[in-house]
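Biologist: Before I rely on a model like this, I would like to learn how to read its individual features. Could you take me through a few of them, one at a time?

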Amino acid sequence: MKKLFFLITLVFLSTSCEKEVIEIPENNVVIVENNAELIGYNWILSDGRIYLENMDNGDKSYYDHFGNNQNISSLQPINGSDILFDSLIQDITTWNFGNSNFTLNGEYAYEMNGTTEIVSINGLEDGSSRSLIVLELTEEKLTVRVGEGYASSNGSNYNYFSTLTFIKQGESCTSCQPNALYGYTYGGLITQSTEENEIVGTKWVVTKYYDGFSNNYPNDTLHFVSNNQYTINGGTTTNYTLSNIIGNNMSEMTLYGFYTIGGDFSGFVPSNFIESGQINSALFSDIFNTNNDKLVWMSRIQ
């Protein structure tokens, strides 16, 4: 299971349900072209950085979200995120701003309010909201500041936030990420554990399952949106785990809230199923022993 680890260990002080209050820093100038429009377009994530300031001694550093074959990151510095908005996949994560709503990845809609310079995304899965500041908006690209938070480590207090650069769908741009904010020292790439979780970002259709009495053909779509959460048909996120089994060529997949087949189920699948794009006749058992075992077939569609 891939996990994101920042270069220092942080312990969050703020709770996820608190609304963010973001002040525009002095060295951030909002640049908006007169004819550039934010609303009504798909903006695809191209690049990003995360900034960290030690509130006790004033030390400042920043890190790249992506690079060196790393295309998955998070607005939260530790262990990924519990909500879809915070999960970042380079060249895949897509934002669309409407007049009063915000759509994530073409599937998940949330309430939105604010101006063309400061926007609030409301009604996220855990009841929280996210605020963002538009730092740059042109006909080709969008850069925002987002993910403000506070944390502590070894008795020191920190403030962190990210800047994300998006390219308008259908446009192209080379080296579009703005220069790093001055006053911050480069710290490299956010490190990751060697344990990969390649399933993040993929979608699978449950083409068939056998419940011991009859074959069923639900055609439900599972979307693995982060290192520990997935959705069914674009609904509410729920948890999953995927673990390698030492000594054989199988992996254990546990899907909580897998209502397609009736509950919380766990099963063994071939370790190469992501590459092959197929799960055929895999036995899934109810982890609470309240339902019959199921044989499950899935096909990867993304």
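**Reading single residues**

Modeller: Let us start with a side-chain pair, keeping in mind that this is a predicted model: the side chain of Asp64 makes a polar contact with the side chain of Tyr186, at 2.6 Å.

Biologist: Where does Asp64 lie, and which residues is Asp64 in contact with, leaving aside its neighbours within four places in sequence?

Modeller: Asp64 lies in strand E4, which covers residues 60-64, and, once those sequence neighbours are set aside, Asp64 is in contact with Gly48, Arg49, Tyr186, Gly188, Leu189 and Ile190.

Biologist: Is Asp64 buried or exposed, and which side chain of opposite charge is nearest?

Modeller: Asp64 is buried and yet has no salt bridge, the nearest side chain of opposite charge being that of Arg49, 4.0 Å away.

Biologist: How should I read accessibility, and why does Phe288 count as exposed?

Modeller: A residue is called exposed when its relative accessible area is over 50%. Phe288 counts as exposed because its relative accessibility is 54%; its place is in the loop between strand E22 (278-286) and strand E23 (294-300), and together with Tyr256 and Ile287, Phe288 forms a nonpolar patch on the surface, with about 270 Å² of accessible area together.

How values were computed. Residues are numbered from 1 along each chain as its sequence is written. This is a predicted model: local features need pLDDT of at least 70, side-chain atom pairs count only at pLDDT 80 or more; totals for chains, interfaces and linings use all residues. Side-chain values use heavy atoms; hydrogens and water are left out. Patches are made of residues with over 30% relative accessible area and no salt bridge: like charges are joined within 9 Å, nonpolar side chains (Val, Leu, Ile, Met, Phe, Trp, Tyr) within 5 Å. Accessible areas come from the Shrake-Rupley method with a 1.4 Å probe; for residues, only the protein chains shown count as cover. Helices (H or I, at least four residues) and strands (E, at least two) are DSSP runs, numbered from the N terminus. Buried means under 20% relative accessible area, exposed over 50%, partly exposed in between (1.4 Å probe, protein chains only). Lys and Arg count as positive and Asp and Glu as negative; His and the chain ends are not counted. A polar contact is a pair of N or O atoms within 3.5 Å; within protein, one must be able to donate a hydrogen and the other to accept it, and residues adjacent in sequence count only if both atoms are side-chain atoms. Contact means heavy atoms within 4.5 Å.
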